[in-house]
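User: Hi! I have a model open and would like to talk through a few spots in it. Can you help me out?

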Amino acid sequence: MKIAVGITGATGAILGIRILELLKKASVETHLVMSPWAHATIKLETPYSVQQVEALADYCYSYQDQAAKISSGSFRIDGMIVSPCSMKTLASIRMGLADNLIARTADVMLKERKPLVLLPRETPLNTIHLENMLDLSKMGAILVPPMPAFYNKPETIDDLVTHIAVRTLDQLGIELPETKRWNGIKHLSQGGK
């Protein structure tokens, strides 16, 4: 399996990093593109260097490299994750702007009908954000806002990050042992007995 990963400058760089770590653990070939602001956010929010993040990927490309192999539909790839996905990138993808390699690769996923998983990071959301997400959903993109789950009783921020990353990879059919799934509540599902 081959997956493109885009990391933008929205807050939550650790989500993209954890996804790369889990993909590496699952022996999935990764093609990484980071925006210039992703470099800044990684330094600001995480203990990782940009070089350490790049080392998690099999292939890394410049944000401006429109000649990269992932910019073409003829390159065989199984899907793309943009995590975190800034509202600027979300809007660029929706409009088909393709003015950088993240937006271009996302455009390729849509035109080739390949899975495109976006983790939009903004709050609160305005009408423009919501309309962009709705239109992208109609185009076939999968939107996974990185919202924490509490049914699995997370004890650390790392638990929350891993859960979001695992649920993201679920969208591409990648099963991982780290997954804590909802198994129901026995006494409620049996009519209170």
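User: Where does Thr 30 lie?

Analyst: Thr 30 lies in strand β2, residues 29-34. Helices (H or I, at least four residues) and strands (E, at least two) are DSSP runs here, numbered from the N terminus. Keep in mind that this is a predicted model: local features need pLDDT of at least 70, side-chain atom pairs count only at pLDDT 80 or more, and totals for chains, interfaces and linings use all residues. Residues are numbered from 1 along each chain as its sequence is written, and side-chain values use heavy atoms, with hydrogens and water left out.

User: Is Thr 30 buried or exposed?

Analyst: Thr 30 is buried, because its relative accessible area is 1%. Buried means under 20% relative accessible area, exposed over 50%, and partly exposed in between (1.4 Å probe, protein chains only).

User: And what is Thr 30 in contact with, leaving aside neighbours within four places in sequence?

Analyst: Thr 30 is in contact with Ile 3, Leu 20, Leu 23, Leu 56, Ala 57, Asp 58 and Tyr 59, with neighbours within four places in sequence left aside. Contact means heavy atoms within 4.5 Å.

User: How far apart in space are Thr 30 and Ile 93?

Analyst: C-alpha to C-alpha, Thr 30 and Ile 93 are 20 Å apart in space, and 63 residues apart in sequence.

User: Let's go to α4, then. Which residues of helix α4 are buried?

Analyst: In α4, residues 87-95, the buried ones are Met 87, Thr 89, Leu 90, Ser 92 and Ile 93. These buried residues pack against β4 (79-85), α5 (101-111), β5 (116-120), α6 and β6 (142-143).

User: At what angle do the axes of α4 and α6 cross?

Analyst: The axes of α4 and α6 cross at roughly 45° and come within 10 Å. Axes are lines fitted to C-alpha atoms, for helices over the stretch in contact, and angles run from 0 to 180 degrees between N-to-C directions. The two helices, α4 and α6, are therefore oblique to each other. As for the cut-offs, angles under 35 degrees count as roughly parallel, over 145 as roughly antiparallel, 65 to 115 as roughly perpendicular and the rest as oblique.

User: Left-handed or right-handed, that crossing of α4 and α6?

Analyst: The crossing of α4 and α6 is left-handed. A crossing is left-handed if the near helix is turned anticlockwise from the far one by less than a right angle, and right-handed if clockwise.

User: Which residues make the contact?

Analyst: From α4 there are Met 87, Leu 90, Ala 91, Ile 93 and Arg 94, and from α6 there are His 129, Glu 131, Asn 132, Met 133, Asp 135, Leu 136 and Met 139. The residues of this contact of α4 with α6 divide into seven nonpolar, two polar and three charged. Ala, Val, Leu, Ile, Met, Phe, Trp, Tyr, Cys and Pro count as nonpolar, Asp, Glu, Lys and Arg as charged, and the others, Gly among them, as polar.

User: What about α4 and α5, at what angle do they pack?

Analyst: α4 and α5 pack at about 45°, with their axes 9 Å apart. That makes α4 oblique to α5, and α4 passes α5 in a right-handed crossing. Thr 89, Ser 92 and Ile 93 in α4 meet Ile 102, Ala 103, Ala 106 and Leu 110 in α5. The residues of the contact of α4 with α5 divide into five nonpolar, two polar and no charged.
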